[in-house]
Amino acid sequence: MRMLGRRLRRELPPVRGVSRSAVQVLRIVARGPEPSPSDVAEKLRMTSSNVAAALRELESAGLVCRGRDPEDGRRVRLSITGAGAEAVSCVHAERDTWLGRATEALLSADEQLTLLRAGELMQRLAEYEAAEAAEAADPADAAIAAAAADAVAVTVADRERRR
């Protein structure tokens with residue numbers, strides 16, 4: 001699973017003007033709903049200073065906005081801009097294209113269905129929110145499981161449409 005995660009991260013195309021770590025932050029902000037910088041740091045297991053640097057890059061590029069929490073004005077909430085949403089969509093499309101090509105080239109139809117089912121199961125496991133599971137789980141693995149399940153689902157659906 002970790003090797004697949006590393007490969008998927010390598011397949012993430014660059015977004016003009018921002019670092020790879022900023023792209024990871026952008027993807028978390030895109031998942032919403034309006035996370036705080038500390039939420040992002042926790043999900044990515046990054047230091048708050050690294051998240052702050054990534055957010056400065058993303059704001060300068062016009063990909064995210066910071067705003068005050070309406071319920072607690074001391075807290076900051078993050079939102080994605082239209083340009084940010086478009087950038088995330090392109091990043092995911094490129095990554096999914098690679099995974100779809102690899103799945104199509106290497107796996108039989110039965111194996112693709114098995115992988116699809118396994119991805120759905122991994123996604124359910126990743127979403128389990130018991131305290132002990134949340135501490136032990138690696139958020140990158142959950143993201144990998146979700147990405148793999150999505151890409152395989154697209155590949156299987158495309159194959160079915162061609163039939």
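1. Along the sequence, the protein runs α-α-α-α-β-β-α-α-α-α, that is, eight helices and two strands. Helices (H or I, at least four residues) and strands (E, at least two) are DSSP runs numbered from the N terminus. This is a predicted model: local features need pLDDT of at least 70, side-chain atom pairs count only at pLDDT 80 or more, and totals for chains, interfaces and linings use all residues. Residues are numbered from 1 along each chain as its sequence is written, and side-chain values use heavy atoms, with hydrogens and water left out.

2. Of the 163 residues of the protein, 32% are buried; buried means under 20% relative accessible area, exposed over 50%, and partly exposed in between (1.4 Å probe, protein chains only). The accessible surface comes to about 9,900 Å², with 53% of that belonging to carbon and sulfur atoms. These areas are from the Shrake-Rupley method with a 1.4 Å probe; for residues, only the protein chains shown count as cover.

3. Contacts (heavy atoms within 4.5 Å) between residues at least 6 apart in sequence join residues at least 24 apart in 64% of cases.

4. The buried residues of H4 are Val51, Ala54, Leu55 and Leu58. They lie on the same side of H4 because they cover an arc of only 105° around the axis, the arc being that of the directions from the helix axis to the C-beta atoms. Their packing partners are helix H2 (20–31), helix H3 (37–44), strand E1 (64–68) and strand E2 (76–80).

5. The largest nonpolar core has 21 residues, and Val25 and Leu58 have the most contacts inside it. Such a core is a set of buried Ala, Val, Leu, Ile, Met, Phe, Trp, Tyr and Cys residues joined through side-chain atoms within 4.5 Å. H2, H3, H4 and helix H5 (82–106) each give two or more residues to this core, and H2 gives the most, with six. Leaving aside residues up to four places away in sequence, Leu58 touches Val18, Ala22, Val25, Leu26, Leu63 and Val64.

6. Some backbone angles deserve a check. Glu34, in the loop between H2 and H3, has a positive phi of about 40° although it is not a glycine; its relative accessibility of 43% makes it partly exposed. Arg45, in the loop between H3 and H4, is also not a glycine and has a positive phi near 55°.
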